[in-house]
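Please keep the sequence and the structure in view while reading.

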Amino acid sequence: MRWAASAAAMTALLFALPWDAWLGEFAAHMLRHIALVALVAPLLALAMPARWNGFAPPALAGATVEFLVVWGWHLPAPHLAADGSAMIEAAQYLSFAIVGLAVWWGAFAAQSALVGAAGLFLTSMHMTLLGAILIFAGRVICDNGMTLADQHLGAMIMLAIGTPAYLLGGLVLAARALALPEERSA
């Protein structure tokens, strides 16, 4: 229950505080997005009762769908549509939360911890690639009035939170899978 309460509190802070005024519109969007998929989602996955693990999506399927959803929303047309409509933006955040939960729950519930680790490592890699593209772009990718500095800050938030969260999760699962048999039973 504490995992779910932590996830609820973090989500409330993400949407209640004036991040746009403090960071810029895109950087605030990226903070909310990354916190949902890399911090809130694993907390919710940890809160799932073990008896529900049979319903968890396969780890690599969850990672694949998450990749498609995240990259799809960061294409110019869908990104601009979400930027121009509160309803579409809410759908965007909801889809981020759902696929984030799918990745983490699938990884934690996987029959093989190595398969779960692979799903998290793949997600870390594509998040890092998207962040790098946004940082090294010489121009604003989605011309909705944001500045290049806002785009760069948003990408740095993605890299500072998303990449390490997925990497750490993958390393924990890999270590669990590779532990000596006597250590696993302890």
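Of the 186 residues of the chain, 42% count as buried. The model is a predicted one, and its chain has 9 helices and 0 strands, so that from the N terminus on the elements run α-α-α-α-α-α-α-α-α. The radius of gyration of the chain is 17 Å, close to the 16 Å that the globule rule gives for 186 residues, and the chain is therefore as compact as a globular protein of that length.

**Overall form**

- Taken along the principal axes, the box filled by the C-alpha atoms of the chain is roughly 55 × 30 × 25 Å.
- Among the contacts in the chain with a separation of 6 or more, 76% are accounted for by residues 24 or more positions apart.

**The largest nonpolar core**

- In soluble globular proteins, nonpolar side chains tend to be buried together.
- The largest nonpolar core of this chain holds 48 residues, of which I34, V37, F96, W105, L120, M127 and Y166 touch the most other members.
- Two or more residues of this core come from each of α1 (2-16), α3 (25-47), α4 (59-73), α6 (86-109), α7 (113-136) and α8 (148-178), and the element that gives the most is α3, with 14 residues.
- When neighbours within four places in sequence are left aside, M127 is in contact with H33, I34, V37, E66, V70, M158, L159, T163 and Y166.

**Packing of α3 with α8**

- Two packed helices are described by the angle between their axes and the distance between the axes.
- For α3 and α8 the angle is about 10° and the axes are 7 Å apart, which means that α3 is roughly parallel to α8.
- On the α3 side, the contact is made by E25, F26, A27, M30, L31, H33, I34, V37, A38 and L39, while α8 contributes D150, Q151, L153, G154, A155, I157, M158, I161, G162, A165 and Y166.
- Sorted by class, the residues in the contact of α3 with α8 are 15 nonpolar, 4 polar and 2 charged.

**Packing of α6 with α7**

- The axes of α6 and α7 cross at roughly 150° and come within 7 Å, and α6 is therefore roughly antiparallel to α7.
- V103, W104 and A107 of α6 make this contact with G116, L120 and T123 of α7.
- By class, the contact of α6 with α7 consists of 4 nonpolar and 2 polar residues, with no charged residues.

**Packing of α5 with α6**

- Helix α5 (residues 76-84) packs with α6 at an angle of about 120°, and their axes are 5 Å apart.
- The contact of α5 with α6 has, by class, 4 nonpolar, 3 polar and 1 charged residues.

- A59 lies in helix α4 and is buried, because its relative accessible area of 5% is under the 20% cut-off.
- Not counting residues up to four places away in sequence, A59 touches G106, A107, A110, V115, G116 and G119.
- With residues up to four places away in sequence not counted, L60 touches V115, A118, G119 and L122.
- From C-alpha to C-alpha, L60 and G106 are 7.8 Å apart in space, and they are 46 residues apart in sequence.

**T163 in α8**

- T163 lies in helix α8 and is buried, with a relative accessible area of 15%.
- Beyond residues up to four places away in sequence, which are not counted, and with M158 included, T163 touches S124, M127, T128 and M158.
- T163 and A61 are 102 residues apart in sequence, and their C-alpha atoms are 19 Å apart in space.

Conventions:
Residues are numbered from 1 along each chain as its sequence is written. This is a predicted model: local features need pLDDT of at least 70, side-chain atom pairs count only at pLDDT 80 or more; totals for chains, interfaces and linings use all residues. Side-chain values use heavy atoms; hydrogens and water are left out. A nonpolar core is a set of buried Ala, Val, Leu, Ile, Met, Phe, Trp, Tyr and Cys residues joined through side-chain atoms within 4.5 Å. Buried means under 20% relative accessible area, exposed over 50%, partly exposed in between (1.4 Å probe, protein chains only). Helices (H or I, at least four residues) and strands (E, at least two) are DSSP runs, numbered from the N terminus. Contact means heavy atoms within 4.5 Å. Axes are lines fitted to C-alpha atoms, for helices over the stretch in contact, and angles run from 0 to 180 degrees between N-to-C directions. Angles under 35 degrees count as roughly parallel, over 145 as roughly antiparallel, 65 to 115 as roughly perpendicular and the rest as oblique. Ala, Val, Leu, Ile, Met, Phe, Trp, Tyr, Cys and Pro count as nonpolar, Asp, Glu, Lys and Arg as charged, and the others, Gly among them, as polar. The radius of gyration is taken over C-alpha atoms; the globule rule is 2.2 Å times the number of residues to the power 0.38.
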